[in-house]
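Have the structure open beside you as you read.

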Amino acid sequence: MNRREFLEAVAAAAALPSFVRQTVNAEWGAPVFDLHFHMRPQPAANLAHLDGAGVTKANLLTRGAALDQVKAIDAAAPGRFTWFNSYDVTKPDAEQVLTQAVKAGAQGFGEMKFHVAADGPELRRMYALAADLRVPILIHFQEVDHFEGEGPWSAGYARTFESILKTYPKTTFIGHADAFWANVSADYHNEAAYPSGAISRGGVTDRWLGDHPNLFGDLSANSGNNALSRDPSFTPDFLKRHQDKLFFGSDCSCTDGHGGGVSQANNPAAARLAGKCVARETLTVLKRSSSDEVFGKITWGNVHKLLRIPA
Ligand SMILES: [Zn+2]
Ligand SMILES: [Zn+2]
C-alpha cells in the first residue's frame with residue numbers, strides 16, 4: 001500500500017461507521033433519502049443534520065460554482081450524497097453552466113427558484129435542456145409573498161403549468177413549494193401561502209400527478225408538510241394514489257436534525273414548524289399515513305429509480 005492508498009483507506013474507514021450506523025439502525029424502520037437538502041458549507045454540518053434526523057442519504061442542492069464543496073462532502077461521507085445544481089436562469093450562460101455541472105456529476109437541476117414565469121422563455125430553455133441531458137428539474141412554485149415585496153417564484157403554476165407538462169413530455173418535472181402544494185385543494189386561489197383546513201378534492205396538483213407521467217412531487221418544507229397535515233382524511237389515499245410519484249424531502253435548515261437553530265429560514269408564514277426539524281415532522285406524518293411499502297417508495301425507492309442509482 002502506497003501513501004496515497006493508505007490515506008484513502010484511513011479516510012474511508014473514518015467515514016464508514018456513520019453510514020453503517022444509519023443504515024442498520026435507522027429509526028424510521030427503513031433507510032431514508034432526503035431529496036431536498038440545501039448544501040451547508042462545512043461537511044460536518046451536513047452530516048450533523050442527516051445523522052440527527054435519522055437520514056441515510058441526501059441530495060445536495062447548490063447554486064453556481066459548488067463542485068469543490070460537493071467533492072469535499074462526498075469525500076467525508078462516500079455514498080451518502082447526490083447533487084443537483086442551479087444557476088440564475090436569466091443569465092445568458094445558464095445552459096452552458098448547468099451542462100458543465102451535469103458533466104461534472106450533478107444529477108439534476110435544482111432548486112430552480114427565480115422571479116420568472118413558470119411558462120416564460122428563461123425556464124423553457126431549462127426544461128428543454130433537462131430533457132436533452134436526461135436529468136430531472138426541481139422547481140419552486142410560489143405566488144404568495146412571505147414578506148412584503150418578495151414577489152412570486154416561477155409564477156403562474158396553476159394557470160399555465162399543464163401546458164408545459166404537455167409541451168415537454170420528455171422532461172422530468174419535480175414540483176415543490178407553496179403554490180404546488182396549496183393546489184392539492186380545488187378551492188385554492190392564492191389566498192394564503194399555506195392554507196389550512198379541509199382539502200377540496202380534485203386540485204390541479206392532485207390531478208396532474210395522476211394525468212402526467214412526467215410530473216413528480218417533492219414533499220419538503222412547510223408547504224409539503226402542511227399539505228399532508230391539514231386534512232388527515234385526505235393524506236393516506238393521496239400517498240397511496242401517487243406512491244410512485246412522490247419523494248420525501250426536508251428543505252430543513254435546522255442545525256442538528258432535532259429542530260435546533262432555525263428550521264424554516266426565518267419564514268414568518270411557516271411559524272408552525274418553528275423549533276422543529278422539518279425532516280422529522282414530515283417523516284412522522286408519512287409513517288403514520290402510509291403502509292410500509294408506500295413509505296419505502298416515497299422515502300427511498302422512488303428517488304433511486306429517478307436518479308437511476310442502485311437502492
Ligand atoms: Zn424552495
Ligand atoms: Zn432539521
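In α2, the buried residues are Asn 46, Leu 47, His 49, Leu 50, Gly 52 and Ala 53. Here buried means under 20% relative accessible area, while exposed means over 50% and partly exposed lies in between, with a 1.4 Å probe and protein chains only. Helices (H or I, at least four residues) and strands (E, at least two) are DSSP runs, numbered from the N terminus. An α-helix has 3.6 residues a turn, so residues three or four places apart point the same way.

A word on how to read the values: this is a predicted model, in which local features need pLDDT of at least 70 and side-chain atom pairs count only at pLDDT 80 or more, while totals for chains, interfaces and linings use all residues. Residues are numbered from 1 along each chain as its sequence is written, chains are lettered from A and ligands numbered from 1 in the order in which they are written, and side-chain values use heavy atoms, with hydrogens and water left out.

After α2 comes Gly 54, which has a positive phi near 75 degrees. The axes of α2 and helix α3 (residues 67-76) come within 9 Å and cross at roughly 55 degrees. That angle makes α2 oblique to α3. The crossing of α2 past α3 is right-handed.

The terms work as follows. Axes are lines fitted to C-alpha atoms, for helices over the stretch in contact, and angles run from 0 to 180 degrees between N-to-C directions. Angles under 35 degrees count as roughly parallel, over 145 as roughly antiparallel, 65 to 115 as roughly perpendicular and the rest as oblique. A crossing is right-handed if the near helix is turned clockwise from the far one by less than a right angle, and left-handed if anticlockwise.

Which residues hold each zinc ion? The table gives the protein donors, meaning N, O and S atoms within 2.8 Å of the metal (3.2 Å for Na, K and Ca); water is not among the atoms, so sites may look incomplete.

| Zinc ion | Donors | Distances |
|---|---|---|
| ligand 1 | Glu 111 (OE), His 140 (ND1), His 176 (NE2) | 1.9 to 2.2 Å |
| ligand 2 | His 49 (NE2), Cys 252 (SG), Cys 254 (SG), Cys 277 (SG) | 2.1 to 2.4 Å |

Around ligand 2, the four donor atoms subtend angles of 106 to 116 degrees, so the arrangement is tetrahedral (four donors with all angles between 85 and 135 degrees). The donor residues of the zinc ion (ligand 2) follow the spacing H-x202-C-x1-C-x22-C. Distant parts of the chain are linked here: His 49 sits in helix α2 (residues 43-53) and Cys 254 in the loop between β8 (246-247) and α11 (278-289), 205 residues apart. His 49 is buried at 1% relative accessible area, Cys 254 at 0% and Cys 252 at 6%.

Glu 111 in strand β4 (residues 109-112) and His 176 in strand β6 (residues 173-176) are 65 residues apart, another link between distant parts of the chain. Glu 111 is buried, at 7%, and His 176 is buried, at 1%.

## Helices α11 and α12

The axes of α11 and helix α12 (residues 292-306) come within 8 Å and cross at roughly 150 degrees. The two are therefore roughly antiparallel, and their crossing is right-handed.

How values were computed: Four donors count as tetrahedral if all angles lie between 85 and 135 degrees; four count as square planar and six as octahedral if opposite donors are over 155 degrees apart and all others between 65 and 115; anything else is irregular.
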